[in-house]
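Work through the following exercises with the sequence and the structure open beside you. Each task is followed by a solution that goes step by step.

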Amino acid sequence: MSNAGKRVDREVLAQRFRQFIDPEYVISDDETLKPYECDGLSVYCEQPMLVVLPETVEQAQQVLRICHQEGVPVVARGAGTGLCAGAMPHPEGVVLSMAKFDRILEIDTLARAARVQPGVRNLAISEVAGKNGLYYGPDPSSQIACTIGGNVAENSGGVHCLKYGLTVHNLLSVDLLTVEGERLTLGSEGLDCYGMDLMALMTGSEGLLGIVTEVRVKLLPKPEVAQVVMAGFDSVQTAGDAVGAIIAEGIIPGGLEMMDGHAIVAAEAFAKAGYPTEAQALLLCEVDGTSEEVHEHIDAVESLFKRLGATSVRTSHNEEERARLWQGRKSAFPAVGRISPDYYCMDGTIPRGQLAHVLTEMDRKSQECGLRVANVFHAGDGNLHPLILFDANVPGELEKTEAFGAWILELCVEVGGCITGEHGVGVEKIRQMPAQFNDSEIEQFHRIKAAFDPAGTLNPGKGIPTLRQCQEYRSLDKDIEPNAGAAAQLHDHGQGGHHHG
Amino acid sequence: MADMANLLVEQVLAAREQKQPLRIVGGGSKNFMGRAVDMSLSELSLAEHSGIVSYHPVELVLTARAGTPLIELEAALAEHNQMLSFEPPRFGEGSTLGGTLATNMSGPGRPWWSSVRDQVLGIRLINGYGEHLRFGGQVMKNVAGYDVSRLQAGALGTLGAITEVSLKVLPKPGSTRTLVSDCELGEAVSIMNQRAAQPKPITAACWLDNRLYIRLSGAHSAVDATAAQWGGEELEDADAFWQQLRDQQLDFFSTEQPLWRFSVNPTARMPQLSGGWLVDWGGAQRWYSGAADFAEMEQIAKAAGGQVSLFRGGDRSGEVMHSPSPAVQVLQQRLKQAFDPDGLFNPGRLYSWM
C-alpha cells in the first residue's frame with residue numbers, strides 16, 4: 001500500500017487550498033505545523049506537508065478531490081488523543097483536521113438519537129443530551145477531549161463496554177467522504193439496514209477507508225441509580241474468580257474494573273480514594289439501573305465478595321462516595337506517571353479466565369528485564385492495560401520497554417486474546433498484526449482497503465502491515481529486539497515517552 | 001456434530017476451478033429470503049458442519065460451527081441460565097447460527113438486547129479463493145484489523161461461507177412480565193418511544209390489532225415496580241406470544257399477501273397503505289402485508305429515515321432489498337470482488353447485480 005510517487009510542492013498545494021478554505025486554516029509553516037506532528041502517542045512523530053482545517057463538508061470534499069488527483073496522502077485527525085499513532089502525519093501528506101466540525105446538529109429526544117458533526121467531543125453529547133435524561137454510552141477515558149469522528153475511526157470503548165457496548169454498538173448512521181470525495185451515508189435512522197453491514201466495517205477502520213463527516217448516535221436513558229462496591233483481595237486469582245462469580249450470578253455490572261498491587265499503591269498515593277494499599281488486587285464493581293434492581297444486585301455483589309474472601313469491602317451510598325471510589329481508578333495513569341519518569345500503556349484483551357496466568361507470566365518477565373509493570377484491567381470485558389514503567393533517559397530502556405510490550409501483546413494472542421482492545425493498531429501495533437493474523441487474512445484486509453482506496457492514499461502505513469513487513473517482522477523476531485526504528489525516531493525528536501490513556 | 005471445514009474448502013476450490021457458482025445452505029429454513037436463486041446451482045451445505053466448539057459461561061462467550069442448530073445452542077445455554085440475547089427467529093427446526101448471522105435476523109428484544117450483528121465477536125469464513133480465514137476473536141473488545149465479522153451481517157452469504165461464529169451471550173433475566181393495553185397505532189408508537197426513554201427494564205414493545213404489548217425483564221423487584229407504575233393488563237402465557245412473534249407464527253403472518261419489512265426511525269409517522277401492519281422493536285421495525293408498489297414503499301421508508309425490503313412471498317425475481325445509493329452500490333460491488341472475485345457465492349441472492 002504505497003502512496004503515489006510524485007512529489008507535490010507544498011506552497012503550490014497550499015495556494016490551491018487557500019482558494020476555497022480560509023487561508024488561516026491552511027497551515028504550511030513549520031512552527032504552526034509542529035502541534036500536529038503526533039497524536040496521544042508522542043513516541044511517533046512526523047511533520048506533515050500541510051494541515052488543513054475545512055469548515056464545510058464541501059471544502060473537505062474539495063480537499064480530498066485535489067489530493068486524490070495529485071496522489072497526496074491524507075491523514076484525518078480529530079482531537080489527536082489517539083493512543084496508537086493512528087493520526088501520525090505522513091511527511092508528504094495532508095493532515096485533514098475535522099476540528100471545525102464541532103456542532104451538535106440535532107438531539108432527537110423521542111427517538112433517543114443525536115446527529116452530530118465529527119469534531120464534537122464525546123462528553124459534549126452527553127452534556128447536552130443530559131438535559132433530557134439521556135446520554136451517549138461509550139466513555140473512553142479521554143472523553144473530555146476526544147471527538148466522535150475519532151471514536152468511529154477507532155471503535156472506542158471505555159469502562160462501561162460490557163453492558164453498553166463499544167462505539168460500533170451505539171451508532172445508527174455515518175456520513176462519509178470516500179477518498180475520491182464521494183459523499184455517502186451508511187446506516188439509517190432505523191436499527192438495521194439491508195445488505196452487508198458497511199457501517200460496521202467502517203467503524204474501527206482507523207481512517208483507512210473514508211473520512212467521517214457526520215454521525216447519528218444512539219442515546220440511552222440515564223440510569224436512575226448507580227452504586228459502586230469496592231473490594232480488596234489478597235491475590236489476583238481470588239479477585240479474578242470473584243469477577244467470574246458475579247457474571248455467573250447473572251449480574252452484568254455497568255462497570256467492573258480491577259487494579260493490581262502496584263496500581264493500587266500509586267492510585268491511592270495520588271487520589272486518596274481510600275483504597276486498601278495492602279491488597280494485591282482491587283475490584284470496583286458498579287451496578288446501575290432502577291433503584292430496585294440496583295438495591296437487589298448491590299446486596300448480592302457485597303455478599304459474594306465477602307464469601308469469596310475479600311479482605312475489605314466498601315459500598316458507595318451517595319454520589320460523592322461513588323465519585324471518590326472511582327477517582328483512584330480514573331487517575332491511575334497520571335498516578336503511575338508520578339512514580340516513574342515515563343510509562344508505556346499497553347492494550348491487549350484476554351479471556352478473563354486467563355488473567356491470573358497472564359499476570360503471573362508478566363510478573364516473571366518484568367523481573368527478568370528489570371522493568372516494573374502496574375496493571376489496570378477492564379475486568380468485565382477482558383481488556384488489559386499494563387503500564388510498563390521506565391526512564392527514557394536511560395539509554396536502551398525505551399527499546400527494552402517496547403520489546404517487553406510486544407511480548408505482552410503476543411502473550412495475549414497466545415492465550416486466545418488480541419493485540420488491541422480499544423486503542424487501535426495505527427503505527428504502534430502494526431508489528432504485532434502478524435501474531436494475530438496469517439498472510440491470507442492480511443491479504444484479505446488489503447483487498448478490502450483497495451475496494452475503498454485503490455491508490456492507498458488514505459492514512460498510508462497504518463493499521464495493516466504489508467506482506468513484506470510481515471515477513472521481515474517474523475524473521476526479525478528470531479534474532480533481535482523489535483521497534484528499533486521507532487526508538488531511533490524518539491531520540492531524533494527529543495520527545496518524552498509519556499503516554500496518557 | 002463434525003468439523004467438515006476441509007471438505008467445504010475442497011468444494012469451494014473445485015467450484016472455483018470449474019467456475020461453477022454455489023448456493024450456500026444451512027438448515028434450509030430461510031430459503032424464502034432474498035431473491036430467488038437458481039436451484040440448479042450446486043449446494044454448499046453447512047448443515048453437517050455443526051457443533052459447539054467452546055462455551056465458557058463465565059466469559060459469556062460461545063463459539064459454534066455455522067451449521068449448529070439454534071435449538072442446540074439454546075439448550076446448551078439454558079443449562080447455565082444464559083441465552084442468545086438477540087432472540088434469533090426460527091423459521092423451522094433447522095435454523096442455524098450461520099444463517100442467522102448471514103441474514104442478520106434478531107427477535108423482539110433487538111432494541112434493548114441487541115442484534116446478532118452486535119453480539120458477534122469473531123468468525124471463520126471461506127472466501128472465494130478457497131481460503132479458510134479467521135477474523136475477530138473470542139473476546140469482547142478487539143479492534144485489530146477490519147471488522148469482517150459484522151460485515152457479514154445481512155450479506156446473505158455473498159462474501160463467503162461463514163463456517164464458525166463466536167458470540168457474546170448473556171444471563172437470562174430473573175423475571176419477565178408482559179403488559180397489554182388497547183390503543184391505536186399512532187398512540188402506540190408514541191407510548192413505545194416514551195417508555196423506551198425511561199430507565200426502566202423494558203425489553204420488547206410491539207403493536208398488533210390495536211393492542212400494545214410491552215415486555216419487562218430483569219431483577220424481580222425492578223420488573224414488579226415498573227409494572228405497577230406503568231399499568232396494563234397482564235398477558236397470560238406471554239412467552240408463547242413473544243416466541244410466536246419472533247418466529248412469525250402469529251395469525252398476522254399467515255397471509256397470501258407479500259410480507260414487507262420496514263426498518264425505520266422508531267418515531268416515524270407513516271402513511272397507511274392498504275393492508276395489515278404489525279409494529280415491533282419499539283417502532284423501529286414494521287411489518288406490512290399488502291400489495292403496495294415497491295418503488296412507492298421505498299419512498300415511504302426513505303421519508304421515515306429507513307429502508308424497506310420484501311421479506312416473504314411476492315415477486316422475488318426482481319430486486320427485494322431497498323436499493324442502495326449509487327456510491328454505496330459501487331462499494332458493495334468492489335467488496336464482492338475483494339472477497340469473491342469469481343462470483344462463486346450465492347449469485348443474485350442479495351441483488352440482481354451481485
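A nonpolar core, as the term is used here, is a set of buried Ala, Val, Leu, Ile, Met, Phe, Trp, Tyr and Cys residues that are joined through side-chain atoms within 4.5 Å. The model is predicted.

**Exercise 1.** Find which residues touch the most other members of the largest nonpolar core, and list what F262(B) touches.

*Solution.* The largest nonpolar core holds 174 residues, and those touching the most other members are F305(A), F262(B) and L335(B). Leaving aside residues up to four places away in sequence, F262(B) touches Y194(A) in the other chain, and its contacts within chain B include M270(B), W277(B), Y288(B), M297(B) and I300(B). A second, separate core has 31 residues, among them A14(A), V52(A), V63(A) and L64(A). As a general background, nonpolar side chains tend to be buried together in soluble globular proteins.

**Exercise 2.** Describe the contact between chain A and chain B, giving the residues that each chain contributes and the area buried between them.

*Solution.* Begin with the residues: 86 come from chain A and 77 from chain B. The area buried between the two chains is about 6600 Å², and carbon and sulfur atoms give 60% of that area. On the chain A side, D192(A), Y194(A) and M196(A) lose the most area to chain B, together accounting for 14% of what that side buries.

**Exercise 3.** Decide whether P347(B) is buried, partly exposed or exposed, and find what it touches.

*Solution.* P347(B) lies in the segment after α11 of chain B. Buried means under 20% relative accessible area and exposed means over 50%, so P347(B), with a value of 28%, is partly exposed. Its contacts, not counting residues up to four places away in sequence, are P21(B), L22(B), V37(B), L41(B) and M354(B). P21(B) is 326 residues from P347(B) along the chain, yet their C-alpha atoms are separated by 7.1 Å.

Technical notes. Residues numbered from 1 in each chain as written. Chains lettered and ligands numbered in written order. Predicted model: local features only at pLDDT ≥ 70, side-chain atom pairs only at ≥ 80, totals over all residues. Heavy atoms only, no water. Helix = DSSP H or I, 4+ residues; strand = E, 2+ residues; numbered from the N terminus. Buried < 20%, exposed > 50% of the residue type's maximum accessible area, 1.4 Å probe, protein only. Contact = heavy atoms within 4.5 Å. Buried area = accessible area lost by both parts, 1.4 Å probe.
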